[in-house]
Amino acid sequence: MEQAGDKIMARALALAARGLGRVEPNPMVGAVIVRRGEEIAAGWHRRFGGPHAERETLAAAREAGRDVRGATMYVTLEPCCHHGKTPPCVEAIIEAGLARVVVAMADPDEKVAGRGIRRLRQAGLDVEVGLCEAEARELLAPYVKLRTARRPWVICKWAQTRNGYLALPRGADRWISGVESRRRVHDLRSCCDGICVGIGTLLADDPLLTNRSGSGRQPVRLVLDGRLRTPADSRLIQTASASQPVIVATTERALAESSARAEALGRAGVELLALPPGADGRGIEMAALLDELGRRQWTRLLVEGGAAVLRGVILSKLADELWVFVAPRRAQGGGEGLPHLDVAELRGELHLPEPAAEPSGADALLRLRLTR
């Protein structure tokens with residue numbers, strides 16, 4: 001019976017994952033209703049502001065003409081018990097006449113935090129908690145961090161040559177990684193609230209930093225610019241709009257010393273965010289930025305460069321996950337003057353485990369979680 005329960009919860013978790021990039025800052029949740037091991041209905045939270053997984057699943061059962069009274073619901077997260085954009089799910093479960101609810105993990109949100117489980121038990125339902133909890137926590141790690149640490153999940157992403165260079169010599173191909181890897185980067189961007197780069201990357205590459213996957217969200221574009229050097233004629237600023245917002249994180253001193261540039265950026269529709277300076281007095285304090293983004297309910301921040309920014313975030317232990325695309329090529333001539341950040345060297349410095357590796361076209365994608 002336990003093995004069958006594992007399989008049912010695994011299906012609910014797979015359904016929950018379909019909400020990635022669509023439900024945040026809400027959690028991804030999936031649910032399955034069964035009777036004697038046979039599935040009656042299934043559903044997941046599809047979009048922010050829409051019905052939660054439990055109500056989606058109950059509605060699916062009604063539409064199919066299936067009776068759920070006395071049945072069991074498997075759900076990946078504790079059902080909510082408060083009024084938000086939708087009514088409490090616990091009341092819908094109770095009213096439907098379900099006899100048993102199996103929950104993968106309790107909700108760390110202080111508005112729930114065990115109250116949903118307690119309400120179901122008070123109504124006479126049999127409630128089991130903890131089936132496939134490790135898998136649920138793995139899926140919901142960014143949500144859990146936002147609710148407990150009140151900061152977004154930080155993903156550091158870069159592409160490197162086999163010998164650890166993040167750019168190629170002048171005159172070489174523009175791209176280090178291949179087409180498949182670049183497609184996967186856009187898929188990753190589509191589920192993040194924002195993409196962050198340092199001013200050095202902006203000045204060197206003039207990137208757009210948009211999601212060009214054709215689906216998902218368009219992330220906010222964020223520049224770390226402690227001395228306010230962002231050019232008003234850069235592609236990032238020229239494309240700033242309500243649907244493609246841009247934030248320049250700087251300092252009060254820089255705003256005062258570069259008031260004309262600040263006014264030009266403001267006229268272009270850029271949000272200027274004043275934060276404390278970094279320890280070197282030049283950049284901005286990343287911890288303060290993460291606190292601010294947490295207040296804005298960002299779930300995932302993607303840090304894309306450059307090498308100094310990535311290294312600083314990782315060595316400051318502010319990163320939660322690494323995505324590193326390693327191309328089957330080497331920077332020739334010793335790589336003099338090229339930005340360098342080798343995941344193998346970082347692993348040695350930080351005593352990190354061997355990352356999970358998977359093919360990405362001709363490249364290798366190394367994924368490593370730093371936070372569990």
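Predicted model: local features only at pLDDT ≥ 70, side-chain atom pairs only at ≥ 80, totals over all residues.
Visitor: How many disulfides does the structure hold?

Guide: A disulfide is a pair of cysteine sulfur atoms within 2.5 Å, and by that criterion the structure holds zero. Cys81 illustrates the point, since the nearest cysteine sulfur to its own, that of Cys80, is 7.0 Å away.

Visitor: Are Cys81 and Cys132 buried, partly exposed or exposed, and which cut-off decides?

Guide: Buried means under 20% relative accessible area, and exposed means over 50%, with partly exposed in between. Cys81, at 22% relative accessibility, therefore counts as partly exposed, whereas Cys132, with a relative accessible area of 14%, is buried.

Visitor: Which residues does Thr251 touch, and what lies 3.1 Å from a polar atom of its side chain?

Guide: Leaving aside residues up to four places away in sequence, Thr251 touches Gly226, Ala274, Leu275, Pro276, Pro277, Gly283 and Ile284. The backbone nitrogen of Ala254 is the atom that lies 3.1 Å from a polar atom of the Thr251 side chain.

Visitor: How should I read Ala357, and is it buried or exposed?

Guide: Ala357 lies in strand β13 (residues 356–360) and, at 58% relative accessibility, counts as exposed. Not counting residues up to four places away in sequence, Ala357 touches Leu365 and Leu366, while its C-alpha atom is separated by 10.0 Å from that of Val326, 31 residues apart along the chain.

Note on methods. Residues numbered from 1 in each chain as written. Heavy atoms only, no water. Buried < 20%, exposed > 50% of the residue type's maximum accessible area, 1.4 Å probe, protein only. Polar contact = N/O pair within 3.5 Å; in protein donor to acceptor, adjacent residues only side chain to side chain. Contact = heavy atoms within 4.5 Å. Helix = DSSP H or I, 4+ residues; strand = E, 2+ residues; numbered from the N terminus.
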